[in-house]
Amino acid sequence: SDVSINALDIKELRKKVPLINEKAPKEIGLLDYITASFNVDGNLQKLTVSNLEIESTVLDDSKPNLKVSNGKIGPVGASAENQKINIDMDFELSLSKSENLKKISQISKAVPKDLKFSGPLELKGKAASTDGNIEISSLLLDLSEGQFIFGELLNKPKNSLFKIASSALISENAITLNKTEIDLNTLKLIADGSVGTSEAKRINLNIKTNNTDLKSLSQNLIPIREYNTTGNALIEAKVSGSYAKGSSPKINGTAKLENIGATVEQLPKPVSRLNGVVNFTGDSAKIDDASLYIGESAMALNADIRSFSPLTVNYKLNSKSVRLADLSPTAKEGEVLNDVSITGRLSSFEGKPVNRVVLNSKSGKYSKLNYKNLNGTVSLKDNVIDINKLKFDFIGSTLSTKGSYVLDEKSPSFNISSNLSAVNLTDVLKSFLSSESEHISGKTSLSLDISGKGKQWDSIS
């Protein structure tokens with residue numbers, strides 16, 4: 001038999017029939033008006049609803065915003081208690097206030113605390129349920145007009161592209177994705193595979209992106225925005241393994257980087273023109289023969305990322321010439337390192353980065369000293385440079401030094417011990433005290449302990 005309902009006021013009906021509030025799911029209170037037509041086959045013991053068409057106003061919207069068509073539900077009834085209900089329907093949902101979704105208790109419980117959304121939302125697709133599995137096809141979720149924030153990762157402002165298109169199979173233990181496409185600003189990400197929802201929490205996803213403009217994407221992704229990232233990146237990878245607490249899935253694939261630029265807090269000049277490929281190999285990754293600039297200094301980079309959590313990276317930088325002003329805010333113009341090789345290890349300790357490097361340079365200039373054969377070990381932690389036995393040759397002598405240097409933009413400080421033998425005193429002092437150096441001559445062996453604060457030699461205290 002055919003049944004039709006025209007503009008039924010659900011709120012008014014609940015007032016007149018209190019039993020509805022007692023027996024019906026509490027979510028019925030989210031309905032305002034409903035218009036429906038459908039065909040019923042069977043009897044009260046076992047019913048099947050077909051040709052279901054629904055138009056309704058839900059979640060406090062001002063106009064009809066939920067539409068169901070081509071629907072079929074059944075069997076339901078006492079004789080169908082042991083049978084699973086099958087559902088097949090097309091659906092459309094349009095919300096002016098997506099935040100009202102949290103009025104649905106299941107959604108409110110499932111949404112992470114760091115996830116916040118508001119503003120318009122458009123959702124449409126086809127749902128079919130068979131034997132307890134739910135198949136979603138032709139799903140399109142459009143959040144472009146609304147705001148979407150997820151912790152310190154994502155901040156999508158209003159009126160910027162954010163769409164998700166997908167087909168998926170939802171079972172008791174997993175969600176299987178079939179070519180899910182995510183469009184976020186300039187990023188197009190395509191994924192397929194499965195995400196486990198059971199206690200095992202295993203993931204097996206293939207991911208591929210377009211050649212993404214990172215400068216535009218940085219408007220949405222907070223981590224790359226904090227570094228003023230520019231350039232392009234293209235990722236193709238497989239993510240697999242457990243994502244349960246205390247575990248990290250493995251990543252295999254590549255990330256192609258083109259003309260990447262970024263500002264790094266520890267460097268006075270930005271990184272630019274970074275080109276290379278990151279090869280992900282499970283828990284680790286490698287970068288071979290990448291090129292980049294720090295300020296005006298061109299460098300070649302090779303890196304071996306041993307671990308992502310905690311971060312552990314072994315790397316090597318080579319350069320024909322490095323301007324010290326590109327690496328240190330207190331360096332003077334003209335100070336330069338030639339034929340440089342830097343072998344380093346970047347790790348973390350108590351959540352803070354620790355960088356330890358072995359530095360070699362065939363020649364160069366520091367202050368007014370021309371040197372040769374510079375080598376030593378330097379570490380950086382908490383903006384403190386520790387120098388361990390740094391040596392170089394100049395003016396016919398070898399200087400060996402160790403100490404520390406605190407990187408403070410307003411008032412850097414240092415504490416250095418140095419030893420040198422048979423050095424020309426006039427030439428040494430000329431580098432630091434040019435106005436008085438003509439009054440001092442001869443050779444000497446020196447052991448110096450120097451400490452102070454300040455940016456320029458004449459103002460050091």
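Two strands count as paired if DSSP finds at least two bridges between them. The model is a predicted one.

**Stop 1**

Select residues 2-9, which are strand S1, and residues 31-43, which are strand S2. These two strands pair in the antiparallel sense, over 6 bridges. To find one of the bridges, pick Asp2: its partner in S2 is Asn39.

What joins S2 to S3? A hairpin does, through 2 residues.

**Stop 2: an open sheet of 3 strands**

Next, select S6, S9 and S10. They form an open sheet in the order S6-S9-S10, and the pairing is antiparallel. Which strands stand at the edges? They are S6 (115-118) and S10 (154-156); each has a single partner strand, so one side of each is left without a neighbour in the sheet. Ignoring direction, neighbouring strands of this sheet are turned by 5° against each other on average.

Zoom in on S6 and on S9, which covers residues 147-150. The two pair over 4 bridges in the antiparallel sense. Ser118 stands opposite Gln147 in S9.

**Stop 3: aromatic rings**

Show the side chains of Phe117 and Phe148. A search of the whole structure finds 5 aromatic pairs. In the pair of Phe117 and Phe148, the ring centres are 6.5 Å apart and the planes are at 20°, so the pair is stacked. Phe117 lies in strand S6 and Phe148 in strand S9, so this pair ties together parts that are 31 residues apart in sequence.

Ring pairs link Phe117, Phe148 and Phe162 into a cluster.

**Stop 4: charges over rings**

Stay with Phe117 and show Lys102. Lys102 lies over the face of the Phe117 ring, at 5.2 Å from the ring centre.

Where does the charged end of Arg273 sit? It sits over the ring of Tyr293, 3.6 Å from the centre of that ring.

Conventions: Residues numbered from 1 in each chain as written. Predicted model: local features only at pLDDT ≥ 70, side-chain atom pairs only at ≥ 80, totals over all residues. Heavy atoms only, no water. Axes fitted to C-alpha atoms, helices over the stretch in contact; angles between N-to-C directions. Phe/Tyr/Trp six-rings, centres within 6.5 Å; stacked < 30°, edge-to-face > 60°. Lys NZ or Arg CZ within 6 Å of the ring centre and 35° of its normal.
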